[in-house]
Amino acid sequence: MEHAIILFDGDCNFCDSSVQFIINHDPAGYFQFASLQSEIGQELSKKHNVPEDVDSLVLIQDGQAYVKSQGALMISHHLTGLWKLAYHLQPFPRVVRDAAYDVIAKNRYKVFGKLDSCMLPPPHIRKRFLDQN
C-alpha cells in the first residue's frame, strides 16, 4: 500500500492531538508522520517545495505537498467515520478555508500550549513515524 506523509509541528499540543486523532481514525495505516523540525521533515519540506512560512501541517501525497485547509481536507478523506465528510468542504473558496485555518494555526500555542517533550508512540505505532526509525 502506498503511504502519504503528514509533517506536523512537533512542539504543538494541538498538532500532537491532531496526529493522535488521525492515528485513531486511520486503522489501515495509510499515513506516516514526521515532525517538521526533524531532519527528515526538513528534507521532505525542501524536496516538495513547501513554503518556509508553513509551520503547522503538511500532507505529502502522490509526490505533491498540500498545506493549510487543502491538506487537512485531503487527510479527512482517508479517515474512518463521519470525518470523511469534511472532504466535501472543498467547494468552499480556498481563501475562506485558509483564513479559518490561519486563525487556528496562528493561535495554537496560546490556546493549546507547547509540548515539553515529544510523545513516545507504542511500538506498533512507532513504525509509522519516519523520524523514530
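The model is a predicted one, with local features needing pLDDT of at least 70 and side-chain atom pairs counted only at pLDDT 80 or more, while totals for chains, interfaces and linings use all residues. Residues are numbered from 1 along each chain as its sequence is written, and side-chain values use heavy atoms, with hydrogens and water left out.

On to the overall layout. The secondary structure comes to 5 helices and 4 strands, taken as DSSP runs numbered from the N terminus (helices: H or I, at least four residues; strands: E, at least two). Read from the N terminus, the elements go β-α-β-α-β-β-α-α-α. Of the 133 residues, 43% count as buried (buried is under 20% relative accessible area, exposed over 50%, partly exposed in between; 1.4 Å probe, protein chains only). Among contacts (heavy atoms within 4.5 Å) with a separation of 6 or more, 66% join residues 24 or more positions apart.

Next, the nonpolar interior. A nonpolar core here is a set of buried Ala, Val, Leu, Ile, Met, Phe, Trp, Tyr and Cys residues joined through side-chain atoms within 4.5 Å. The largest one holds 20 residues, and the members touching the most others are Ile6, Ile22, Phe31, Phe33, Leu59, Ile75 and Phe129. At least two residues of this core come from each of S1, H1, strand S2 (31-35), S3, H3 and H4, with H1 giving the most, at 4 residues. Looking at isoleucine 75 and skipping neighbours within four places in sequence, its contacts are Ile6, Ile22, Phe31, Leu57 and Leu59. There is also a second, separate core of 11 residues, which includes Ile5, Leu7, Leu36 and Val67.

Then there are the aromatics. A pair of aromatic rings is described by the distance of the centres and the angle of the planes. Rings of Phe, Tyr and Trp (its six-membered ring) pair if their centres lie within 6.5 Å, and planes under 30 degrees apart count as stacked, over 60 as edge-to-face and the rest as tilted. That rule gives 4 aromatic pairs. One of them is phenylalanine 8 with phenylalanine 129, edge-to-face at 6.4 Å centre to centre and 90° between the planes. Phenylalanine 8 sits in strand S1 (residues 4-8) and phenylalanine 129 in the segment after helix H5 (123-126), so this pair ties together parts 121 residues apart in sequence. Phenylalanine 8 is buried at 9% relative accessible area, and so is phenylalanine 129, at 4%. Phenylalanine 21 and tryptophan 83 also pair edge-to-face, with ring centres 4.8 Å apart and planes at 85°. Here too the pair links distant parts of the chain, 62 residues apart: phenylalanine 21 is in helix H1 (residues 13-24) and tryptophan 83 in the loop between helix H3 (68-76) and helix H4 (94-112). Phenylalanine 21 is partly exposed at 28% relative accessibility, as is tryptophan 83 at 44%. Phe8, Phe33 and Phe129 make up one aromatic cluster.

With 16% relative accessibility, histidine 48 counts as buried. Its side chain reaches the backbone oxygen of glycine 63 at 3.4 Å. Leaving out residues up to four places away in sequence, histidine 48 touches Ile60, Gly63, Gln64 and Ala65.

How values were computed
Polar contact = N/O pair within 3.5 Å; in protein donor to acceptor, adjacent residues only side chain to side chain.
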